[in-house]
Amino acid sequence: MLDRLEELYRQAADDLARITSSEALREWELGTIGRKGEITLMLRQTGQLPPEERAAFGKRANEIKNLLTQAHLEREELIREQELARSMEEGQVDVTLPGRVTPVGRLHPATRTLREIYDIWAEMGFQVYRSRDVETDEMNFELLNIPPHHPARDMWDTFYTTTPGVILRTHTSPGQVHAMREYGAGGTKPIRVILPGMCYRYEQITARSEVQFNQVEGLAIGPRIRMTDLKGTLTEFARRMFGADRQVRFRASHFPFTEPSAEVDVTCILCQGQGCGVCKHSGWLEIGGCGMVHPAVLRNGGYDPAVWSGFAFGIGPERITMLKHGIEDIRYFWSNDLRFLNQF
Amino acid sequence: MLVSIRWLKEYVDIPADLPAEALAERLTLAGLEVGKIRYIGVPQQNVPGITVPPSDHLVWDRQKLLLGKIVEVKAHPDADRLVIAVVDYGGEALEECVTGAPNLFAYTGAGPLAPPLWTPFAMEGAEVWDGHSEKPARMILKGRKLRGVYNRAMVCSEKELGLSDDHEGIMLLDERTVAGYAPGTPLQDVLGDVLLDIDLTPNLARAWSIIGVAREVAALLGLPMHYPPTDVRMDGPAIAGRVDIDIRRPELNPRFTLALIEGITIAPSPLWMQLRLKLAGMRPINNIVDVTNYVMLETGQPLHAFDWDILCRRAAQSGAAHPTIITRLPDAGEELTLLDDSHHVLDAHNLLVADTAGSLSLAGVMGGLESEVQPDSRNILLEAANWNFINVRRTMQSRKLSSEAGLRFSRGVHPGQAEFGLRRAAELMRVLSGGIVARGIVDSYPLRPETVRVDLPVAEVRRITGMDLTPAEIAAILRGLQFEVDVTGDLLHVTVPDHRLDIGTGVIGQADLIEEITRIYGYDRIPTTVMDDLLPPQRDNPALRSEEWARDLLVAAGLNEIVCYRLTTPEREALLAPPGESVDLPENAYVTLANPISQDKTVMRRTLLAGLLDTAVANLRQTDRVRFFEIGSVYLPTPGDLLPQEPRRLGILLAGPREMAWWDLPARDGRFDFFDLKGVVETLLAGLHIEKAVYEPARHVSLFPGRTAALTIRKRPAGVLGELHPKVAAAFDLPDGLPILIAELDLEVILGAARAAHRVSPVPTQPAVYQDLALIVPEETPAASVDAVIREAGGDLLEDVRLFDVYRGAPVPTGHKSLAYALTFRAPDQTLTDKPVNKLRERIIKAVGQKLGATLRD
């Protein structure tokens, strides 16, 4: 019986050493140390042996079962490793095949730039104030210090409507007077707002000019707002929008609703000021106009210009987008070609 | 405006070592934007820190392009049409140049010339423009034999130097041009120049002249101004009593001055004047017309020359003893033919210069054809007047006319300048035409503007600019601009010079002066500060914030945002109704442009639908799958209101295959349909936490009947969604048979119902019980009704109802459909057992049976 046991043990150990798959291992386990396995069965037969042999046999049988169980565990581990290695070998993919992209939507580039502008100004305490597209001549021009037939009107090519005195706004500046009257509490409260919106100009549509375009105007009114603040604030904006290393330049200009007036330039983002086609070889890119609010406009907004002062500025989101992304044709914006929109 | 720096230097001593590029930069920063720099013969200079566009103009070689003096013109031995100019060019010997210039023929064989002829001279190796080439072409001058005479140099035409297109003869320089220069002087020094092309903003009307720019340069550089003399030698009989002025509308014609120059001879003006006119972009005509233009360019005061004899004849014909200049508004239907041969039936506001016989010119804009200077004119009546700028601008617009004079008058010329211009021009005419100026001038000045005085406290400068400038600094800047300034302590009493109209009074005048102070001081020198002013009350903009929120949700749903033109045509929007039907529009439905720029943009849109469809058509040429949305205003005039309503709308469009194919995963068949569109709307509303949304079958003229729903949110109509009517799709040239899903929703209703602070339910701790329920209902029963009855009967323990299948066909009887629901039951505080759930299920089955005639499908 003991010989038989030893024989079985040798056989089982040999078999185990040759096993390479988990299926065969499972079979081996069932046939040897499983519930109905030969070693297990033998162990159960211990009781049938003569009493003097029982102890030795039982001890040896248990020993063998333990040895085989241990060997099985080791073999199992080895096979698992081998099989994992094999599956890794076989399961490789061509990582250069394209991924399955989740088709996402995209914001229009004008919206993206508007949001960027809102965010920068919000941190400086400027909130968004919106006003209408179809405006009165009075709001768009007269209250902004531009009388009828004044040569300053040549600065805007205006769309008139068939209703006398009603036009499409040529800039978001009418919002200045709206905001002053609505928020100024009769010229007693300071204001900081930005005025975004679509504006319209009587212009042929070309790569460089559009009949409609967004504008963002800013307005700060207070008892102590100075031109140095205008320079400081717009310089901060320009560096946030175009990069901290930008140089910012203020150039005297003219707008009837500000005085003094300036144009704001930043060093060209393409050539770093060395001169290129984008900056027309000037080294500078014009990003907007600005100035101290004209006393007549303050007065029209309900403020006493001897006590209150303010600054205003206007920037073009589409132009800024074009400069930042090297877009050479403004017509892309409203033609909504997905081949353009999908690049944002 | 083209400004010659050589000319500028007559009025201000611009330092010789100040490069033109640096001067241009100073002017640009001060608001006189130099758009372009044009070089005449001189090289471009590299100024550190200043970037200018590289110029590839012709630079006159300082060794090879020289001032030459023709001492004799000899006949060519072998050619009739060539002569030999003997030139002193400062070299050791005289140089013989063979030339065909016809303007030398008259001197041929006359022996040594006294005085000599001065001309530009080019030695071989010099680069010049090819005078014979049609297109601009450069050439290097090479020595060669011309009919047997070796020629290694050339006398030059204007064209060869790049001064003009004139190649009729060589350039013969006048005395004034060559004064002080010896033969052999580099031509750069004699004729070289730099032209600044300045774009003037409307407020800088005073600078629309060489003197005007010179004043700015003088102020910027801190240099004095040299004004040209205004003395006139007046040797003729007095003008007084020989001509009268009758100004009928002084508010339109504040001043009118006249001088009389008699016994003139019309001839070409001298080269120096012609050259300046040419470089300014004007065409020389004769010594009278050129003087009027020259003085206008110089002083900014436009002038007009009448033929005096024609005026006298007209006076006589109308029975008057002598001419009277009358300025007046036209009679009804009055007509006038102008210098440019254009004929006008005048508008009521078109001011005229007339005489007793009728109209002469359109005031401030253009002279009339009849009284202009003739080639044989002998006597000239010279006009320098002043006109209301607004009226001149209106006249130019209504008559569709433009002229150098009109452009200047329409921007504003100070009436104080009229006499200055008149005297300057009279004297130049006398000198250049051999005439005699009548003694005195006639000056009618009914509306003399008050001298503007502004008191400017230094504190005001500080308040607005934020800079501590001293009274002396401020006074120096203003005096540099020709203001008179008296300083009393911290108060400056400023008197405005009589060439500016742009300085107001009181607080506005102060602002006007502060602009001048900062502009000349230099914006680049103004420090920067951070606002330390009161922070205003901070205001949220909920409308914008929720609009941006909606954009984010739609983008997250996979849609691209588009922005369309808000201008369209009624015809385009009419296509939204199938042929035979019409969009129901009120009267005066559109905001209509009075001056549309193109035929496809005549009105403001009333709907987003046409823009969405146009965008789809364009993109479906490139791709088969489009999903996009637009958020924007439409424009709805309302009767009785001046301005239209501008409600914000949301438009959505889907078309094409629902799924995308991958390299190992083909797309399942199926194109976007109504439920994809509804799903987008539901996704949006869910994202905005809007629960009370109702979709009901609806009709819309543009949409497929039976595949159209009206959306109602909290009982407010919120727009329509559906499949586009096939006939409308065809009208917009959309691909045949492709379902287009489109929605136009009222953004204000939607966003008004959005809830940023919605309630959040606790995460359940109790297990749920799931049950499926398939119900057979009549075909016409809306799913929403079944859903509602199930929920009502299910009560609080019914957590969720989800439709997962709709089936038609055997064994479901015809005219019926099977709706299969997955029901989720859950109690918040205990584990549900089958018993109560089965009871609820029975209740639901009973309810749908009673209310909707539904039966359980086995």
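**View 1. The open three-stranded sheet of chain B, in the order β25-β27-β26 with antiparallel pairing.** In this predicted model, local features need pLDDT of at least 70 and side-chain atom pairs count only at pLDDT 80 or more, while totals for chains, interfaces and linings use all residues. Residues are numbered from 1 along each chain as its sequence is written, and chains are lettered from A and ligands numbered from 1 in the order in which they are written. Strands are DSSP runs (E, at least two residues; helices are H or I, at least four), numbered from the N terminus, and two strands pair if DSSP finds at least two bridges between them. Because β25 (453-457) and β26 (484-488) of chain B each have a single partner strand, they stand at the edges, with one side of each left without a neighbour in the sheet.

**View 2. Strands β26 and β27 of chain B, with helix α14.** Five bridges join β26(B) to the antiparallel strand β27 (residues 491-495) of chain B, and Asp486(B) has His493(B) as its bridge partner in β27(B). Helix α14 (residues 471-480) of chain B packs on the sheet, touching β26 and β27 of chain B, where contact means C-beta atoms, placed from the backbone, within 7 Å.

View 3. Leu285(A) is buried, with 23 other C-beta atoms within 10 Å (buried means 20 or more, exposed 12 or fewer, partly exposed in between). Among the residues that Leu285(A) touches, not counting those up to four places away in sequence, are Asp265(A), Cys279(A) and Leu323(A).

Key. Two residues are in contact if their C-beta atoms, placed from the backbone, lie within 7 Å. Axes are lines fitted to C-alpha atoms, for helices over the stretch in contact, and angles run from 0 to 180 degrees between N-to-C directions.
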